[in-house]
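Hi everyone, thanks for making time. Please have a look at the sequence and the structure on the screen, and then I'll walk you through it.

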Amino acid sequence: MPAKEKRILKLYLISVFFTGLFGLPLFAGEVNIEIVPQPLVKGEVATLNLTSVKKAPEIAEFPEVDGIKWMGKSGQTSRTQIINFKTSKSETTVYRFIPEKIGEIKIPALNVKLGGKKFTTDPFTVNVVSGNIADSSSDNEPESLRDFIFVKAFPLSDKKEFYVGEEIPFEIRAYSLSSIRIEYSWPEIEAPNIVFRDFSSINRENAKFANYTASSQTLNGKTYSVYSFRTAIKAISPCELKGKINIMSRIILPRQRGKQRSSDPFGDSFFDGFFSDGFSSYEKRDYQLSCDFPDIKIDALPASPPNSLFTGLVGDWKLLYEFPDTK
């Protein structure tokens with residue numbers, strides 16, 4: 001793994017601003033509209049970001065949209081960049097909303113105020129997937145470290161079959177009991193025949209992933225910290241995707257004064273010490289989280305229709321055409 005990808009993320013020290021993944025930039029005049037994350041998940045909070053190089057844009061009035069619950073403005077941010085001695089500034093207004101139904105949702109034109117001007121944006125569409133993609137943990141009481149710290153991985157789609165070259169939005173979630181102090185490295189996906197979308201423009205530490213997000217979740221009456229890593233992959237040949245997802249973690253172990261170190265950090269002495277008081281120092285232990293790649297089938301592309309030209313290129317295409325005749 002390259003040195004950049006080995007860099008440990010000190011997640012327990014970082015206050016995370018929810019940036020998510022798969023921003024959908026839409027330009028309307030002097031304002032950039034971004035919906036994050038993409039695809040949206042039913043019932044989970046998402047953000048609509050309005051960015052301008054002049055002043056902070058504002059939504060004058062929220063449109064009524066079936067399947068969208070607007071939660072109002074959550075804040076404003078400013079950004080300054082200096083490239084080749086040239087300074088550029090931008091202002092972003094963040095609005096929160098909750099998608100309440102699955103499928104495509106059409107967002108109509110938004111009425112936006114920018115300084116003393118008013119204008120409307122272009123309408124656009126967002127895609128919402130179900131919120132029960134990731135299963136919960138076991139109903140059994142925790143008996144080992146694997147029940148306190150674990151990882152899950154799944155495609156952000158209700159489909160289980162995809163075509164060669166079709167992009168698959170993918171998420172990896174690392175769970176740890178909220179009382180555990182832990183650091184994570186970026187995940188590694190060990191699976192043949194896949195390529196990754198390039199996220200280097202938004203994540204300089206690891207081009208295979210967008211910025212991570214942090215949240216909490218209650219499972220079997222216990223609160224877990226959840227760190228989500230989103231990416232997008234494509235398979236380059238028909239197959240049943242197989243492989244593993246690994247995340248190297250570093251657990252911050254409290255050491256009791258006068259208590260001898262245990263040779264087994266994950267035995268009874270580990271848990272006895274972890275949930276006790278009176279610690280004098282700490283030690284760090286590395287622990288690898290792993291899970292199997294979820295069941296995903298990659299189908300070959302359908303045969304081309306007769307007398308048609310197919311170049312073999314796969315992707316999302318925007319076609320521009322003109323009719324010179326008036327008829």
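Let me begin with a term: a polar contact here is a pair of N or O atoms within 3.5 Å, and within protein one atom must be able to donate a hydrogen and the other to accept it, while residues adjacent in sequence count only if both atoms are side-chain atoms. With that in hand, the side chain of S176 makes a polar contact with the side chain of Y184, at 3.5 Å.

Some housekeeping before we go on. This is a predicted model, in which local features need pLDDT of at least 70 and side-chain atom pairs count only at pLDDT 80 or more, whereas totals for chains, interfaces and linings use all residues. Residues are numbered from 1 along each chain as its sequence is written, and side-chain values use heavy atoms, with hydrogens and water left out.

Now the overall picture. The protein has two helices and 23 strands; these are DSSP runs numbered from the N terminus, H or I of at least four residues for helices and E of at least two for strands. Of its 327 residues, 40% count as buried, where buried means under 20% relative accessible area, exposed means over 50%, and partly exposed lies in between, with a 1.4 Å probe and protein chains only. The accessible surface is about 19400 Å², and 49% of that belongs to carbon and sulfur atoms; the areas come from the Shrake-Rupley method with a 1.4 Å probe, and for residues only the protein chains shown count as cover. If we call heavy atoms within 4.5 Å a contact, then among contacts with a separation of 6 or more, 68% are between residues 24 or more positions apart.

Back to S176, then. S176 lies in strand β14 and is buried, with a relative accessible area of 1%. Which residues does S176 touch, leaving aside those up to four places away in sequence? They are F148, I149, I182, Y184, Y224 and S225. Strand β14 covers residues 168–177 and also holds R173. R173 counts as buried because its relative accessibility is 12%, and its side chain makes a polar contact with the side chain of E171 at 2.4 Å.

F150 sits in strand β12, residues 149–155, and has a relative accessible area of 12%, so F150 is buried. F150 and L177 are 27 residues apart in sequence, with their C-alpha atoms 9.5 Å apart in space. T47 belongs to strand β4, residues 46–52, and is buried at 6%. From T47 to K73 there are 26 residues in sequence and 9.4 Å in space, C-alpha to C-alpha.

Next, the aromatics. A pair of aromatic rings is described by the distance of the centres and the angle of the planes. The rule I used is that rings of Phe, Tyr and Trp (its six-membered ring) pair if their centres lie within 6.5 Å; planes under 30 degrees apart count as stacked, over 60 as edge-to-face, and the rest as tilted. The count by this rule is twelve aromatic pairs. In one of them, F62 and Y95, the ring centres are 5.5 Å apart and the planes are at 80 degrees, so the pair is edge-to-face. This pair links distant parts of the chain, 33 residues apart: F62 is in the loop between β5 (58–61) and β6 (68–83), and Y95 is in strand β7 (residues 86–99). Together, F62, W70, Y95 and F97 form one aromatic cluster.

Finally, the strand pairing. Two strands pair if DSSP finds at least two bridges between them. β13, β23 and β20 make an open sheet of three strands in the order β13-β23-β20, with mixed pairing. Its edge strands, each pairing on one side only, are β13 (161–163) and β20 (239–241). β13 runs parallel to β23 (residues 296–299), joined by three bridges, and Y163 stands opposite D299.
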